[in-house]
Amino acid sequence: MPYNFTLPFRLTTGSGGYFEVTNDVLSATASNIRSVLVTNWGERPMHYRFGCNLREFLFEPRTDALRRRLADRVIQQMAEWMPFITISELNVLFTEDDASVRENQVGIRLVFRFSEDPRLAGQVQLTI
């Protein structure tokens, strides 16, 4: 049974519809986490404060203070919009931490568990 659309949207050739979907709870949750991470405030009608609003930090100098502010924002928004998960590890990466993160990007690696069933765990890694 499909749970959610994959992000970014991809066309599929299967009989399940036009767009690719996730077929398990972990994939659906990872897709939802990505959605919260990349959404800026005001982009969702009726939910102005949905998302992490990382655009706010776009021209900030890359310091440890910025790393802490980004991590705090991610933790706060995940607690607000996805309270059924627990973040067990969160890394905010700059170029000096990971060579795959370009100079004008920030990498986020988030390891999560379900609060109700800690055996179910997954991770999300993306660059913004």
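**A loop residue and its surroundings**

Glu60 is classed as partly exposed because its relative accessibility is 31%, a value that falls between the limits of 20% for buried and 50% for exposed residues. The model under discussion is a predicted one. Glu60 is located in the loop that joins helix H1 (25-38) to helix H2 (64-81). Leaving aside residues up to four places away in sequence, Glu60 is in contact with Leu66 and Arg69. With Arg69 there is a polar contact from side chain to side chain, at 3.1 Å.

The protein chain as a whole contains two helices and five strands, arranged along the sequence as β-β-α-α-β-β-β. Of its 128 residues, 35% are buried. Among contacts with a separation of 6 or more, 42% link residues 24 or more positions apart.

Strands of a sheet are held in pairs by backbone hydrogen bonds, in a parallel or an antiparallel sense. Here, an open sheet is built from three strands in the order S3-S4-S5, with antiparallel pairing. Strand S3 (85-93) and strand S5 (121-127) each have a single partner strand, so one side of each has no neighbour in the sheet. On average, neighbouring strands of this sheet are turned by 15° against each other, direction ignored. Seven bridges connect strand S4 (residues 107-114) with S5, and Phe112 stands opposite Gly122 in S5. Helix H2 lies across S3 and S4, and runs at about 155° to S3.

Notes:
Residues numbered from 1 in each chain as written. Predicted model: local features only at pLDDT ≥ 70, side-chain atom pairs only at ≥ 80, totals over all residues. Heavy atoms only, no water. Helix = DSSP H or I, 4+ residues; strand = E, 2+ residues; numbered from the N terminus. Buried < 20%, exposed > 50% of the residue type's maximum accessible area, 1.4 Å probe, protein only. Contact = heavy atoms within 4.5 Å. Polar contact = N/O pair within 3.5 Å; in protein donor to acceptor, adjacent residues only side chain to side chain. Pairing = 2+ DSSP bridges. Axes fitted to C-alpha atoms, helices over the stretch in contact; angles between N-to-C directions.
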